[in-house]
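Let's walk through this fold together, moving from charged pairs to strands and rings. Have a look at the sequence and the model before reading on.

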Amino acid sequence: EALRGATHVIVSIEVAPREALWQLDWEVPLRHGLRQPYGENGGPGGFMHTCRQVPAHLAIARDMEELCPAAWLILFSNPLPRLVRAITKYTSIQTVGKCHQINVGYGLVAALLRREYGIEVPADVTLHSDPGNVGVVHTLAAAGRERFAITSAGLNHFIWLLDIRDRITGEDLYPALRAAVDAAPPALEPLSLDLFRAFGLLPIAGDTHLAEYLPWLHDPVARSWETYRLPLYDWRGNEGVRDVLSQMMQMMADGRVPVDGLRDAPSEGATELVAALGGRAYLDETVNVPNGGAIANLPAATVVEVPAVVGPVGIRPVQVGPLPEPVAELCRREAALVELVVDAAVSGDRDLALQCLLLDPMIGDIGRAQAILGDYLTTFADYLPQFRQ
C-alpha cells in the first residue's frame with residue numbers, strides 16, 4: 001500500500017525477535033567450540049543473519065519492481081553490504097546503503113588528538129557499539145566533526161581512514177595521528193590501534209565491528225577477545241531499550257504523544273539523500289554502493305563504503321584510488337565471501353552454505369563447519385524458507 005508510486009523507499013527492518021535470534025547466532029557455534037567476537041555481520045553469525053534477512057528484503061525490492069520501479073531504496077538494515085549486494089544482484093532496484101559508523105571514526109580521531117586540540121576525553125573511554133556508549137560517541141564525534149575533515153573508504157563496518165585534515169587550516173594530520181597512538185587512552189579501541197601500527201592505515205569502524213571480519217579474534221588458546229577487551233552485545237539490555245522505543249512509536253502513531261520532537265532528530269542521511277536525488281547535489285561522506293572502480297583494487301560489483309556525489313543524476317562514488325595492498329586483500333577476502341553468502345542466502349543451496357562457512361576467517365575445521373551449519377539449519381528452520389527445498 002505504501003509503495004505504489006513512491007519515489008524513495010526507506011527500509012530499516014529486522015526479522016524478529018532481533019536480540020533473541022542474534023543471541024542464538026552466537027550461541028550455536030559456541031556449542032561446537034567456536035566463540036565469535038560479536039556474531040552480527042561477519043563470522044558464522046553474520047552468515048545466518050544474512051540468510052534470515054535476505055528473503056524479507058528481496059520481497060520488498062520485488063514489490064518495488066512492480067509498484068515503483070524507478071524509486072530509490074535507501075537501506076539501513078544489517079548486514080548492510082550483503083543486503084545491498086543481494087538487491088543489486090537479484091533485482092533492478094536502485095539501492096544505496098547508509099550507516100552511522102563513521103561517527104566512531106570522528107570520535108576515535110578526536111580521542112587520539114585530544115591533547116593537540118584541547119578535547120576533553122574520559123580516561124577510560126571506549127567507542128564500542130553499545131547503548132551505554134551512545135552519549136560518549138555522540139559527544140566525541142561532534143568534537144571531531146568540528147575540528148577535522150576526514151575521508152574514508154572500504155567495506156561497511158570495515159572502513160579505513162584515507163585522509164584527515166584540520167578543518168580550518170587544511171593541515172595533513174596523519175603524522176600527528178601516528179605520533180599520538182602510543183599515548184592513546186588505554187581502553188581506546190586497542191584492536192584498531194594495533195592494526196594501525198601493523199598496516200599504517202587506521203580502521204575507524206570501532207573494534208566490536210572490526211573484529212567480525214578478521215581471523216585473529218576467536219582462538220580459544222590466545223583468547224584475544226580478552227586481550228582487546230571486546231564485549232559481547234548486551235542482548236537483554238538492548239531488547240529492553242527496543243521495547244521502550246516501540247511503545248513510544250505506538251503512542252505517536254495513536255496520537256497520544258506529539259511527533260514534534262522527531263523534527264530535530266538526526267536522519268542518519270536519509271532526508272539528505274532524498275532531497276539531493278530530487279534537487280541540489282551534495283557530497284555525502286559515506287554511502288554503500290557498488291564499487292564501479294571507486295576503490296581501484298576491489299572488484300567492480302563489490303558494495304563499498306565511500307564518499308559520493310549525490311544529485312538528480314543519481315549517486316556517483318568518488319574515485320578514491322587503490323587501498324594499500326594488505327588492506328585491500330583483507331577487504332577482497334570479505335568481498336569474495338559476500339558474493340557466496342548472498343548466493344547461498346537467495347538460493348538455499350546447502351553446498352554453497354557450507355562453502356560460505358569454510359571460507360569464513362573464523363572457521364579452521366571442516367567438521368566444525370558441517371556441525372555448525374546443521375545446527376543452524378535446524379535451529380532456524382522456521383526462518384529459512386529458502387532452505388526447505
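Glutamate 19 is buried, with a relative accessible area of 3%, and arginine 18 counts as buried too, at 18%. Here buried means under 20% relative accessible area, exposed means over 50%, and partly exposed lies in between (1.4 Å probe, protein chains only). Glutamate 19 and arginine 18 form a salt bridge, their closest N and O atoms being 3.3 Å apart. Such a bridge is a side-chain nitrogen of Lys or Arg within 4 Å of a carboxyl oxygen of Asp or Glu, and by this rule the count comes to 21.

A word on the source: this is a predicted model, in which local features need pLDDT of at least 70 and side-chain atom pairs count only at pLDDT 80 or more, while totals for chains, interfaces and linings use all residues. Residues are numbered from 1 along each chain as its sequence is written, and side-chain values use heavy atoms, with hydrogens and water left out.

| Glutamate 19 | Arginine 18 | 3.3 Å |

Lysine 89 is partly exposed, at a relative accessible area of 32%. Salt bridges that share partners also join Glu14, Arg18, Glu19, Glu40 and Arg242 into one network.

Helices (H or I, at least four residues) and strands (E, at least two) are DSSP runs, numbered from the N terminus, and two strands pair if DSSP finds at least two bridges between them. Strand E2 (residues 72-75) pairs with strand E3 (residues 94-97) in the parallel sense over 4 bridges, and leucine 75 has glycine 97 in E3 as its bridge partner. Together with helix H3 (residues 80-90), E2 and E3 make a right-handed β-α-β unit: with the strands pointing away from the viewer, the path from the first strand over the helix to the second runs clockwise.

Strand E4 (residues 148-155) and strand E5 (residues 158-166) pair in the antiparallel sense over 8 bridges. They form a hairpin with 2 residues between them, and histidine 157 in the turn has a positive phi of about 65°.

How many aromatic pairs does the structure hold? There are 10, where rings of Phe, Tyr and Trp (its six-membered ring) pair if their centres lie within 6.5 Å; planes under 30 degrees apart count as stacked, over 60 as edge-to-face and the rest as tilted. Tyrosine 174 and phenylalanine 196 form a tilted pair, 6.0 Å centre to centre with 55° between the planes. Tyrosine 174 lies in helix H7 (residues 174-180) and phenylalanine 196 in helix H8 (residues 190-199), so the pair ties together parts that are 22 residues apart in sequence. Tyrosine 174 is buried, with a relative accessible area of 5%, and phenylalanine 196 is buried, also with 5%. Elsewhere, ring pairs link Trp22, Tyr38 and Tyr233 into a cluster.
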